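This briefing goes through selected local features of one model, grouped by topic. Please keep the sequence and the structure in view while reading.

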Amino acid sequence: MLFICLFLADLLRDLSHDDIEVRQAAAAELYRRGAELRKELSDARRDASDIETRSRLDDILRRLDVDERIRGFGGGPRVADFGLSLRIDRFAGRGPFRLAIEVMNVGSAEREFPGIALWDLEEPDQETRTPGAEARVTVKKFIGGGLRRTRWGRAPGVPVAAVALRPGESTTFDFLLEAKDLAAGDYDVRVEIRIPEAEENLRSNVVRLMIRK
């Protein structure tokens with residue numbers, strides 16, 4: 001414990017060193033060890049009187065906060081530095097159900113998330129296809145399935161404009177799933193978004209939905 005305290009004290013002292021390379025090396029090491037020294041870094045930031053030290057500690061703590069948000073985000077597989085998480089307002093009932101869809105920048109640089117204006121909706125017995133749709137909500141029966149009719153039109157959803165996201169930032173939007181044509185039973189729901197220039201679509205986690213008539 002004494003060794004850690006001395007080690008931390010040396011690095012904190014180096015944050016205000018005259019040599020910029022020494023300052024940068026100390027900041028990099030504190031960031032690398034930040035998960036285990038989080039409380040100590042917060043205390044040091046509170047007690048710091050040197051502006052340079054306080055500024056660098058602010059940056060380290062901010063980056064650690066971003067890392068923590070990204071690690072805990074969940075969702076489906078990450079594509080093109082984006083993650084997609086799906087939540088639902090309730091898991092059983094007759095509907096309608098409100099889907100809460102969150103997209104996070106899980107990369108290390110600012111990225112622009114493209115807007116979503118048009119949706120596809122795929123249900124067990126039919127699907128709505130819209131030319132140029134950027135996103136799809138898929139509702140599949142947990143067990144079994146059948147033929148699917150196709151109709152052309154616009155599925156419900158709230159349009160989302162393009163937005164610039166820094167690492168760890170997210171944008172959220174809702175999709176209202178009416179579910180009035182779904183028979184009683186258990187269904188799996190997933191959201192899929194087309195990302196320009198990405199080799200695969202961004203997919204959310206799967207949410208189990210129980211329709212009760």
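Which residues in α4 are buried? They are T53, R56, L57, I60, L61, L64, V66 and I70, where buried means under 20% relative accessible area, exposed over 50%, and partly exposed in between (1.4 Å probe, protein chains only). This is a predicted model, in which local features need pLDDT of at least 70 and side-chain atom pairs count only at pLDDT 80 or more, while totals for chains, interfaces and linings use all residues. Residues are numbered from 1 along each chain as its sequence is written, and side-chain values use heavy atoms, with hydrogens and water left out. Helices (H or I, at least four residues) and strands (E, at least two) are DSSP runs, numbered from the N terminus.

**Helix α4 and its packing**

- Helix α4 covers residues 51-71, which is 21 residues. From first C-alpha to last it reaches 30 Å, close to the 30 Å expected at 1.5 Å a residue; the expected span is 1.5 Å times one less than the number of residues.
- The N-terminal end of α4 is capped by D50, which has a side-chain oxygen 3.1 Å from the backbone nitrogen of E52.
- Two packed helices are described by the angle between their axes and the distance between the axes. For helix α2 (residues 20-32) and α4, the axes come within 10 Å and cross at roughly 35°. Axes are lines fitted to C-alpha atoms, for helices over the stretch in contact, and angles run from 0 to 180 degrees between N-to-C directions.
- On the α2 side, R23, Q24, A27, L30 and Y31 make the contact, and on the α4 side E52, R56, I60, R63, L64 and D67 do. Contact means heavy atoms within 4.5 Å.

**The sheet β1-β3-β10**

- Three strands, in the order β1-β3-β10, form an open sheet with antiparallel pairing. Two strands pair if DSSP finds at least two bridges between them.
- β1 (82-88) and β10 (170-177) are the edge strands, each pairing on one side only.
- Eight bridges link β3 (residues 97-105) to β10 in the antiparallel sense, and L99 has F175 in β10 as its bridge partner.

**Strand β5 and its partners**

- In a regular strand the side chains alternate between the two faces of the sheet. Strand β5 (residues 119-122) is covered on both faces: W119 and L121 on one side, and D120 and E122 on the other, are all buried.
- β5 runs parallel to β7 (residues 135-141), joined by four bridges, and D120 stands opposite R136 in β7.
- β5 runs antiparallel to β6 (residues 126-129), joined by two bridges. A hairpin of three residues connects β5 and β6, and E122 has E127 in β6 as its bridge partner.

**Loop residues**

- V158 sits in the loop between β8 (149-152) and β9 (163-165) and is partly exposed at 47% relative accessible area. Leaving aside neighbours within four places in sequence, V158 is in contact with I116, W119 and D174.
- Most residues other than glycine have a negative phi, and most peptide bonds are trans. A80 has a positive phi of about 50°, and the phi of D81 is near 70°.
- A80 is partly exposed at 32%, and D81 is partly exposed at 37%.
- The peptide bond from G95 to P96 is cis, with omega near 0°; P96 is in the loop between β2 (92-93) and β3.

Methods
Polar contact = N/O pair within 3.5 Å; in protein donor to acceptor, adjacent residues only side chain to side chain.
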